[in-house]
Amino acid sequence: MCAAGRRWGRRQRALLWAVLLAAWEAAWGQLRYSVPEEMPKGSFVGDVAKDLGLHLPKINDQGVRVVSEGKTQYFAVHGKTGHLVTAERIDREQLCERVQQCVLRCELIVEGEMKFYAIEVEMVDINDNAPSFQEAETELRMSETTAPGSRFPLPDAHDPDSGRNSLQSYELSGDEHFSLAVQAGPGGDQRPELVLAKALDREEAAFHELVLRASDGGDPARTGTARIRVTVLDANDNAPVFSQAEYTVRVPEDVPVGSVLVTVTATDGDEGLNGQVKYSFKKKKTSSQIFHLDSETGAITLGRSLDFEEGDVYELDLQAYDGGALYDTAKVVITVTDINDNPPEISLRSALSEISEDAPSGTVVALLYVQDRDSGANGEVRCSLDKDVPFRLQSSQGNYYSVVTARELDREQVSEYNVTVRAADGGSPSLQSSAVLALRVLDVNDNAPVFAEERYSARLVENNAAGALVLTVRATDADWGQNARVRYRLAEGRVRGAPLSSYVSVQAETGALYALRSLDYEQLRELQLCVRAEDGGSPALSSNVSVRLLIVDENDNAPQVLLLVLVRDHGRPALSATATLSVVLAESVAELLAELGSAAAEAAAPGEPAASLTRWLVLAVAAVSCLFVAFLLLLLALRLRRCHRRQLLPPDSGALRGVPVSHFVGIDGVRAFLQSYSHDVSLTADSRKSQLRFSAASCCDTLPARPPPDEPAPLLGDEDPT
């Protein structure tokens with residue numbers, strides 16, 4: 001119970017020292033803890049949340065995890081407490097067999113912040129291993145002539161613990177003929193030797209049984225034992241001798257299996273059985289599984305492939321013994337040289353799968369860890385990205401690299417990136433590896449809709465049906481999703497005092513423009529409007545386009561005569577008078593009289609008898625008709641007279657030469673007479689103004705004077721009197 005209490009107290013002090021050391025190193029960006037080995041899974045290592053200032057909700061939300069360099073993950077972060085705990089039981093001797101100070105390294109990745117923190121955990125040794133001998137029994141053969149004071153090597157004990165818990169001492173018991181001597185080896189290790197203290201006598205004792213005990217410095221101490229059996233032989237006065245005390249050889253790590261690395265030789269001056277030399281490994285440890293020793297020839301061959309990254313130096317202890325049990329020892333040091341047989345390894349610690357196109361330059365999108373297990377120039381790694389991507393590599397602490405944006409992104413140009421990270425070592429030839437980062441660019445509303453045309457125009461025939469399609473405008477938006485959804489609407493405006501929306505409308509989804517009412521060319525000849533296209537972003541972006549709608553006229557109005565004459569003098573002030581002139585067109589006199597009667601009744605002043613007005617109109621029509629008949633008779637008489645004169649005059653008579661034909665009454669004269677009573681009416685539909693122009697020849701009822709011989713006479717009604 002007391003020993004257990006002391007061990008528990010030592011563990012508590014070690015944990016307290018680890019916490020104080022971690023708090024000091026957290027300020028320098030690196031955490032260091034110490035924990036005893038063989039702790040059960042889930043044991044407390046350190047409070048990383050407190051040491052790094054991380055809040056517990058932040059640990060769960062931002063994805064905090066621990067990554068180790070090797071394949072096995074020895075530590076984890078407790079999600080509820082934020083403590084660094086062991087992920088499994090850790091055996092220091094299994095991990096750090098040849099290392100005095102066993103330190104495990106890992107990184108704490110905070111994915112939400114794209115940060116990492118280096119953590120070192122020193123595995124403190126506990127006395128969980130007793131010294132042990134590779135062979136429980138060892139047999140030595142000695143000649144009875146062996147001089148006292150002779151020394152014989154004994155098997156070494158091995159304790160994988162470190163420090164005071166490792167091997168500390170040897171003890172020998174069992175016989176007065178022998179004593180124990182311990183020599184210090186080149187590396188500080190203890191080498192037990194059996195010393196002959198008293199001469200042997202085979203006839204007295206052919207065998208001697210000894211016990212070799214090895215002890216460590218733990219509390220309590222642990223021990224291991226080996227039995228030594230000494231066989232006394234007849235005399236053999238020459239021991240084998242190696243040609244070298246230490247053999248050194250350098251081999252590349254890719255040397256083929258079965259190759260002879262070195263051959264050791266030893267000679268013995270004796271003859272016969274006592275002169276036959278055989279070779280063996282003094283210690284059958286791990287190296288003996290890699291290398292094979294031919295006991296007859298001394299050739300050391302390679303038993304399995306070498307790997308510089310697993311081991312670069314191997315020390316082999318050999319012994320050569322003859323038939324009389326005399327022997328010699330030698331050491332073989334095999335140095336493995338590195339070749340470039342490991343390509344760089346790229347580990348993706350943390351990465352984004354999507355990024356907004358308005359992310360600022362320098363945004364971290366991935367955190368990489370790059371390493372090469374080779375050494376020297378073969379292990380120097382250079383990383384690079386493709387030149388045509390808007391990203392760059394940024395070196396971080398240790399072997400970490402950050403992939404950051406080099407400039408602003410534009411989703412409308414490139415919506416996805418497959419960023420290839422390449423790593424090449426410094427070997428010759430160089431080995432390379434690559435990793436691909438898939439990154440999708442998220443859209444922001446940075447593009448306004450663009451119309452297909454700069455301006456639109458259309459023609460619409462008047463008297464259209466309400467709801468008629470006029471034209472369709474179209475705009476596109478280079479953005480994506482809701483930001484690219486375009487809706488149309490009319491800009492506010494008024495036409496002839498009424499809202500523009502009462503004349504036309506635009507379909508919000510398709511951009512189709514419809515006329516809401518029947519349009520009249522005589523009222524509206526042209527319609528100018530503005531259509532706005534707006535996307536679905538927040539805030540929304542928009543653009544406008546002008547639309548010109550021309551109303552096409554059709555013949556839907558009959559001509560109208562306005563019935564009004566204005567006479568004005570040139571006095572100052574000018575005086576004027578007006579009179580209403582009614583024009584009645586009829587096919588017969590009866591119809592004419594009926595029309596005049598109705599017109600007169602409509603135009604009569606209130607209180608004036610309609611019969612009086614009718615009477616005057618009838619008289620005027622009768623007078624005009626009489627004049628027309630008289631004129632026709634006159635024209636007929638003139639025509640007959642001309643014909644009569646032609647019959648009296650000879651054909652070649654020049655009496656009428658030079659007289660224009662138009663001076664004779666005929667069909668042309670009748671046409672001229674009719675033209676003298678024709679009138680022209682011109683109307684303008686928009687100004688409501690009219691003109692009534694009488695032919696200038698209507699005031700003449702006689703033939704014109706005879707023109708000069710060289711000037712042709714005008715037709716009746718063609719002259720223009722002033």
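A disulfide is a pair of cysteine sulfur atoms within 2.5 Å. The legends below describe close-up views of a predicted model.

**View 1. The disulfide of Cys 96 and Cys 102.** The structure holds one disulfide. Its partners are Cys 96 and Cys 102, with an S to S distance of 2.0 Å. That value lies within the 2.5 Å cut-off. A disulfide is a covalent bond between the sulfur atoms of two cysteines. The link of Cys 96 and Cys 102 is right-handed, with 50° about the S-S bond.

View 2. Cys 96 counts as buried because its relative accessibility is 8%, and buried means under 20%. Cys 102 has 1% relative accessibility, so Cys 102 counts as buried. Cys 626 counts as exposed because its relative accessibility is 54%; the cut-off for exposed is over 50%. Cys 643, at 35%, counts as partly exposed.

**View 3. Strand β16 and its antiparallel partner, β15.** Strand β15 covers residues 207–216, and nine bridges join β15 to β16. The two strands run antiparallel. One of the paired positions is Val 211, whose bridge partner in β16 is Arg 227. A hairpin connects β15 to β16 through six residues.

**View 4. Strand β16 and its parallel partner, β9.** Strand β9 spans residues 137–143, and strand β16 spans residues 223–233. Seven bridges join these strands, which run parallel. Opposite Ser 143 stands Leu 233 in β16.

**View 5. Ala 130 in its loop.** Ala 130 lies in the loop between β7 and β8. Strand β7 covers residues 115–124, and β8 covers 132–133. Is Ala 130 buried, partly exposed or exposed? Its relative accessibility is 30%, so Ala 130 counts as partly exposed. This value falls between the cut-offs of 20% for buried and 50% for exposed.

**View 6. Contacts of Ala 130.** Which residues does Ala 130 touch, not counting residues up to four places away in sequence? They are His 158, Asp 159, Asp 216, Arg 222 and Thr 223. Arg 222 is 92 residues from Ala 130 in sequence. In space, the C-alpha to C-alpha distance of Ala 130 and Arg 222 is 5.0 Å. Two of the contacts belong to strands shown in other views. Asp 216 is in β15, which covers residues 207–216. Thr 223 is in β16, which covers residues 223–233.

Terms used. Residues are numbered from 1 along each chain as its sequence is written. This is a predicted model: local features need pLDDT of at least 70, side-chain atom pairs count only at pLDDT 80 or more; totals for chains, interfaces and linings use all residues. Side-chain values use heavy atoms; hydrogens and water are left out. Helices (H or I, at least four residues) and strands (E, at least two) are DSSP runs, numbered from the N terminus. Buried means under 20% relative accessible area, exposed over 50%, partly exposed in between (1.4 Å probe, protein chains only). Contact means heavy atoms within 4.5 Å. Two strands pair if DSSP finds at least two bridges between them.
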